[in-house]
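Dear colleague,

I am handing over the structure we spoke about, and below it you will find what came out of the analysis. Please read the notes with the coordinates open beside them.

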Amino acid sequence: MTNTTGTAGGRRATVHREPNVAGATALVRTDARGLELDGLTKRFGQIVALDGLSLEARPGRVLGFLGPNGAGKTTAMRCVFGLVVPDTGAVRWEGRTVGPQEWRQFGYMPEERGLYPQMRVREQLDYLARLSGLDGRQAATSVARWLERLGLAERADDQVAALSHGNQQRVQLAAALVHDPELLVLDEPFAGLDPLGVEALAAVIAELAQAGAAVVFSSHQLDLVQDVCEDVVVIEHGRTVLAGSLEASRAASRRRYVEVAFRDGVTWAPQITGGRVLAADPGRTRLEVDASVDPEHLVTLARRGGELTRFSFEPPALSDLFREAVEG
Amino acid sequence: MNARRAIGLVAWREITQRVRGRVFIFSTLALLLAVLAAILIPSLRADENKTLKVGLVGNTPAQLVPALAQVSNATGSEMQSRRYASLPVAERALRDDELGVLVVDGKQLVWKSRVDDEVRALAVATLQRVDMQTRAAALGLTSAQANALLTPAPISERQLDPPDPDRDARYAAALLGLFTLMWALMLYGGAVTTGVTQEKTSRVIEVLLSRVSARDLLTGKVLGIGAVGLFQLLLGLPVAVATAALVDRVELPNAVPSTIGWVILWFVLGYAFFSVAFAATAARASRTEETQSEQTVIALIPTFCALFALFYATESPDAWPAQIASFIPISAPFVLPVRAAVSDVAIWEVALAAAIMLVSTYTVIRVAARMYTGAVLRTDAPPFLKDVVGASRASR
């Protein structure tokens with residue numbers, strides 16, 4: 001049983017009440033370890049969905065969970081909630097194997113969105129909040145707060161089926177958040193949202209992480225992930241191929257991307273040891289080079305080609321990291 | 001949150017959502033109308049039959065009309081007689097339904113079409129008695145002598161093994177339970193199936209199962225829908241009693257109260273078992289159409305069992321097929337109450353059959369829960385049992 005310390009979001013579990021042998025409870029101080037998937041494997045007949053997948057998601061941080069279609073992201077997320085039971089491996093929260101007690105502290109927005117279409121928004125959220133363990137008064141307060149926060153207060157007494165697609169998405173998000181979960185797992189949360197919806201959801205995710213929740217979400221919109229996430233895990237064929245902090249992963253890459261712009265539309269395509277030209281258009285050249293290449297040396301070379309208006313020497317963007325990780 | 005609270009929340013949602021729906025309002029009204037019709041229509045017909053309309057034509061003995069009136073009164077009917085001048089006029093009145101029967105010359109009965117056996121027996125006996133009295137008078141006997149001669153000697157009877165006086169009432173209660181169970185399964189078993197399928201097709205199931213176990217979800221659903229059904233039944237009961245009292249047809253509680261208790265027990269056990277079986281079918285199917293086709297096949301099972309109980313177990317309650325059927329969960333709720341009504345069923349048989357029902361219901365809930373969780377993974381084609389159970393060895 002978890003005893004939460006008081007925070008803005010009502011979470012940040014750092015103290016646990018563990019029943020001891022005599023049945024009494026004792027306070028045990030632990031480090032907030034968050035979510036751990038440890039060596040998960042899962043086969044569906046001949047198909048290997050997960051092949052020793054491991055990852056960690058820390059409280060207070062946002063983890064981007066990436067991979068090509070069919071890589072095993074949804075299966076891994078379902079394992080977190082016991083919807084799929086892995087053949088081997090373990091799912092832990094705060095060091096304990098997850099079970100019904102933990103599942104009710106988690107929030108989940110599945111890829112396949114689903115709500116009761118004929119049920120009113122407020123009733124639906126109230127029902128889900130109570131199923132997650134809130135009592136009547138807590139549920140009512142929380143539902144009102146999230147309806148207000150997500151701009152749904154005026155539609156609270158409408159049936160879900162009567163709402164627009166965007167508003168249904170918001171209700172779906174509210175359903176995942178209504179019990180103030182300690183871990184939030186969102187499967188493709190940005191899919192189908194308009195730019196304003198994307199912005200609002202990104203703000204909510206950041207706010208939740210700031211309040212102490214661990215947030216895991218999958219997405220194919222890598223620019224968005226780069227803006228929102230602090231940590232990233234890339235999987236392919238059910239295996240982890242990249243994991244860590246986004247900045248550290250970018251910095252640790254052995255590649256750098258160079259972009260050079262020239263004033264007079266010069267076409268510059270140099271031969272560089274430890275690098276290659278990705279694009280050489282009039283006035284603009286893009287290179288991929290080894291991280292050991294000296295940028296000063298590149299600037300000197302570029303100046304021989306023409307007058308520079310811009311020079312950048314950057315670690316790979318998330319999309320580049322993703323491609324490197326998946327393509328090898 | 002414990003399982004009981006989760007089950008309670010799921011059941012409460014089912015109750016509140018269904019009671020508010022149009023289907024509930026219409027089906028409740030239909031049930032109440034059916035109850036009223038079932039009591040009022042026979043009562044109206046009974047009233048019609050209470051008046052015996054007799055036409056007389058030709059040479060009718062003077063004693064006939066008072067004799068017919070006396071017999072009619074003795075059987076609780078009122079008699080109206082009318083004399084006609086000619087046979088054609090009398091027959092026209094018979095054709096126009098102004099008469100029930102026509103007596104010609106005190107010796108012939110004329111019917112329009114269908115012969116009313118009860119009226120026929122009364123009329124024939126009365127006509128013969130009046131005829132004998134006429135012949136006795138012709139022989140010079142006084143009325144007292146004729147009566148002394150014609151009154152039949154009382155024949156005493158005794159039974160070596162007298163039947164249970166409550167047998168009919170118990171049998172009626174058992175049949176009522178059987179038909180109520182069939183009706184409830186048709187209506188609410190279908191509601192369970194539809195509810196489960198809708199949760200799958202609307203994909204809300206994944207949101208629910210991330211919060212509550214499939215077993216608790218299914219149990220709550222069956223209980224909630226069952227409670228709505230029982231509420232409708234209970235709503236019908238006072239209406240039935242009040243209406244019956246209004247039309248003087250209260251003959252109900254001859255049945256031993258314990259029989260009614262057993263009937264209710266088997267109704268609840270049977271409803272629970274078949275509801276979870278329907279839920280398991282729905283958990284396996286992917287779309288509403290598949291559910292409907294599978295449900296049609298599955299609905300044949302209780303229908304067959306009800307027919308077996310009605311036509312076999314009633315006649316041969318102690319034969320081995322009926323005894324075995326009492327311990328099989330799919331047939332026990334139909335066969336056992338009927339057997340108990342018409343024969344002697346040992347208490348251990350009832351206890352064992354009830355225990356088997358409970359264990360079977362629990363097992364089916366567990367299997368259905370596994371199928372439900374496993375079937376989340378697929379909505380394209382109905383999975384085979386081994387697929388869904390294998391795909392999710394859910395311990396939830």
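In this predicted model, 26 residues of chain A are in contact with 23 residues of chain B, two residues being in contact if their C-beta atoms, placed from the backbone, lie within 7 Å. On the side of chain A that touches chain B, at least two residues each come from α2 (100–103), β9 (106–109) and α3 (121–131) of chain A, and α3(A) gives the largest share, four residues. Helices (H or I, at least four residues) and strands (E, at least two) are DSSP runs, numbered from the N terminus.

Chain A also holds an open sheet of four strands, in the order β5-β4-β7-β8 with antiparallel pairing, where strands pair if DSSP finds at least two bridges between them. Its edge strands, each pairing on one side only, are β5 (47–57) and β8 (96–97) of chain A. Strand β4 (residues 35–44) of chain A is joined to β5(A) by eight bridges in the antiparallel sense, and L35(A) has A57(A) in β5(A) as its bridge partner.

As for chain B, its secondary structure comes to 15 helices and four strands.

Residues are numbered from 1 along each chain as its sequence is written, while chains are lettered from A and ligands numbered from 1 in the order in which they are written. Because the model is predicted, local features need pLDDT of at least 70 and side-chain atom pairs count only at pLDDT 80 or more, whereas totals for chains, interfaces and linings use all residues.

With best wishes
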